[in-house]
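I opened this one to see how the inside is put together.

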Amino acid sequence: MRFLKRINPVLAALIVMSLLFCVSLYAHVSCSSTSYTASVSAEAMPSSTAAVTAAKAPAVTQAPSEIYTDSSIIKLVNPTHSVSKSYVPDDLTSPNVTRTQSDITLRKEASDALEEMFAAAENDGVTLVLSDGYRSYTEQEQTFNSYVARLGEAKALKVCAKAGYSEHELGLAADITADESTAYSSSFDSTAQGQWLKEHAHEYGFLQRVPEGKSSIVGYSSLPWHYRYVGVDLATAVYSVSPDETLEEYWGLY
Ligand SMILES: [Zn+2]
């Protein structure tokens with residue numbers, strides 16, 4: 001008995017130490033999962049189905065190295081792939097299409113394709129209107145800051161790219177609308193213009209860049225009016241996987 005009385009404090013100390021070790025392990029796991037949740041929600045978009053669709057599917061094909069070159073028509077831009085601050089396309093031109101403002105430009109190849117696309121839509125009785133194209137780094141910075149002033153930075157990040165992270169800085173992104181009053185409408189997909197583009201834009205080299213439900217994959221809120229020129233070959237290949245396929249899914253980069 002005397003022995004047990006002497007050993008008990010030692011056993012008790014061992015038990016206490018074991019318990020403390022287990023608690024510290026649990027605390028460590030909890031912190032990891034908390035920070036994981038936080039990093040996901042920083043990019044997360046409103047729709048809960050978006051989070052469900054984020055389960056990673058295998059890439060359709062391996063991304064070519066050109067996706068990292070600013071001047072390439074297939075340059076990838078999203079919240080984790082930026083455009084150089086100094087990059088300015090050297091072939092900007094003003095497409096001859098109906099627009100909401102006079103000084104909209106795009107790179108020549110995208111501009112030619114856009115003119116062709118707008119003419120084809122018109123032939124089908126659908127009038128498309130261009131509401132924005134190329135933005136310089138400084139213009140994107142001003143646009144983002146105006147959103148921050150109105151919404152605060154957290155909300156602004158969900159609806160507007162920071163300077164250096166917008167496809168508009170490539171001169172390869174076109175914001176398209178039905179008319180001036182409906183520009184940047186979240187219901188653009190349900191207009192005749194939105195439906196025509198969903199069906200035909202790829203034939204002219206354009207992809208709807210952030211289809212509904214793909215926000216958590218691309219990293220920006222759904223942008224039904226925002227079409228990105230990538231060339232007919234890539235646009236058709238991506239669209240043939242699914243009309244809502246994203247570049248990130250196609251290349252397995254998310
Ligand atoms: Zn846009």
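Predicted model: local features only at pLDDT ≥ 70, side-chain atom pairs only at ≥ 80, totals over all residues.

**Core.** I started with the largest nonpolar core, and it has 45 residues. Leu114, Met117, Phe206 and Leu207 have the most contacts inside it. Then I checked which elements give two or more residues to this core: α3 (108-123), β4 (173-177), β5 (206-208), α7 (215-218), β6 (226-229), α8 (232-241) and α9 (247-251). The one that gives the most is α3, with six residues.

What does Met117 touch, leaving aside its neighbours within four places in sequence? I found contacts with Ala201, Tyr204 and Phe206.

**Sheet.** Next I traced the strands. There are four in an open sheet, running in the order β3-β4-β6-β5, with antiparallel pairing. I noted β3 (129-132) and β5 as the edge strands, since each of them pairs on one side only. From one strand to the next, the twist averages 40°.

I also followed the pairing of β3 with β4, which is antiparallel over three bridges. For Val129, I found the bridge partner in β4 to be Thr177.

**Helix α6.** Last, I looked at α6, residues 192-200. Which of its residues are buried? I got Gln193, Gly194 and Leu197. These cover an arc of only 100° around the axis, so they sit on the same side of α6. I then asked what those buried residues pack against. They pack against β4, β5 and β6.

Conventions
Residues numbered from 1 in each chain as written. Core = buried A, V, L, I, M, F, W, Y, C linked by C-beta atoms within 7 Å. Buried ≥ 20, exposed ≤ 12 C-beta atoms within 10 Å, placed from the backbone. Contact = placed C-beta atoms within 7 Å. Pairing = 2+ DSSP bridges. Axes fitted to C-alpha atoms, helices over the stretch in contact; angles between N-to-C directions. Arc of directions from axis to C-beta.
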